[in-house]
Amino acid sequence: PNKMWIVSRDSVGMPWSDPVQMTDFGCGEPEWAPDGESLLCFGSEVDWVRVSLSGEILQRYESLSGLRDFGRPRYSPDGARLYFRAIDEDDWDGLWWMPADGGEPSRVVAFDDPSMAVFIRSLSVGPEHLYFTIDETEGDIRVVELDW
C-alpha cells in the first residue's frame, strides 16, 4: 500500500526538502483539503482518515450509515463538505454529501433509472454545481481487427 510522503520548497527554483513520511499506513487516492493543511486518505487499509501535514490523524470517518461501494470523496471548494458516490442498504446508487467534520450523509443525486448502468468517470465540485460524466453502455458488440 502507498504510504504518503511530503516534500516542500520555499519558492520555485529553490531546492526541495528531504521527504517526510506523513502516514505509516496505506493512503490510496488522496484528496487535499482546499486549505492545503490536511489530506484525506481513501481506499487505504484503514477507513477514511484525514491527516495533518505532520502525519497526525485529525479525524476518522467510520461506518457511514450503511453505505458501501464508495467512490473517491471530493471536498467542496470551501472545505465544509465531502461529496462521494455510494450505494445505500436498499441498493440505491447515488452521489452523497456529508459535513467534512463528520455527520450523517445525505443523497443529492439518485441514479434511479434501472435501465441505465451508471459509470462515473469523474466528479468535480464547484461552488454552485456538481460536475460528473456518465458512461452508458448501449450494447455488447465488440469490433476487433485480426491479422491472419
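I take a strand to be a DSSP run of E with at least two residues, numbered from the N terminus. I note here that the model I looked at is a predicted one.

I looked up the backbone angle of Asp91. Its phi is positive, about 65°, although Asp91 is not a glycine. Is Asp91 buried or exposed? Asp91 counts as exposed because its relative accessibility is 53%, and the cut-off for exposed is over 50%. I then turned to Asp69. Asp69 also has a positive phi, near 55°, and is a residue other than glycine. I found Asp69 in the loop between S6 and strand S7 (74-75).

**Entry: the whole chain**

I went through the elements next. The protein chain has 12 strands and zero helices. Read from the N terminus, the order is β-β-β-β-β-β-β-β-β-β-β-β. I checked burial over the 148 residues of the protein chain, and 32% count as buried. The accessible surface of the chain is about 9800 Å². Carbon and sulfur atoms hold 49% of that surface. I also looked at contacts between residues at least 6 apart in sequence; 27% of these join residues at least 24 apart.

**Entry: the disulfide**

I searched for disulfides and found one in the structure. Which cysteines form the disulfide? They are Cys27 and Cys41, with their sulfur atoms 2.1 Å apart. The angle about the S-S bond is -95°, and the link of Cys27 and Cys41 is left-handed. The pair links distant parts of the chain, 14 residues apart. Cys27 lies in the loop between strand S2 (20-21) and strand S3 (31-32). Cys41 is in strand S4 (residues 38-41). I checked burial too: both Cys27 and Cys41 are buried.

**Entry: Arg50**

I moved on to Arg50, in strand S5 (residues 48-52). Arg50 counts as partly exposed because its relative accessibility is 21%, and buried means under 20%. Which residues does Arg50 contact, leaving aside neighbours within four places in sequence? I listed Ser38, Leu39, Leu40, Glu56, Ile57, Leu58, Gln59, Tyr61 and Tyr75. I also looked up a C-alpha separation. Arg50 and Ala33 are 17 residues apart along the chain, and their C-alpha atoms are separated by 8.9 Å.

**Entry: Gln59**

I followed the Arg50 contact list to Gln59. Gln59 is in strand S6 (residues 57-61). Gln59 counts as buried because its relative accessible area is 14%, with the limit for buried at under 20%. Where does the Gln59 side chain reach? It reaches the backbone oxygen of Asp101 at 2.7 Å. I wrote down what Gln59 touches, not counting residues up to four places away in sequence. The list is Trp48, Val49, Arg50, Ala100, Asp101 and Gly102.

I placed Val144 in the segment after strand S12 (130-135). Val144 counts as exposed because its relative accessibility is 62%.

Methods
Residues numbered from 1 in each chain as written. Predicted model: local features only at pLDDT ≥ 70, side-chain atom pairs only at ≥ 80, totals over all residues. Heavy atoms only, no water. Helix = DSSP H or I, 4+ residues; strand = E, 2+ residues; numbered from the N terminus. Buried < 20%, exposed > 50% of the residue type's maximum accessible area, 1.4 Å probe, protein only. Contact = heavy atoms within 4.5 Å. Polar contact = N/O pair within 3.5 Å; in protein donor to acceptor, adjacent residues only side chain to side chain. Disulfide = S-S within 2.5 Å. Areas by Shrake-Rupley, 256 points an atom, 1.4 Å probe, with all protein chains shown as cover.
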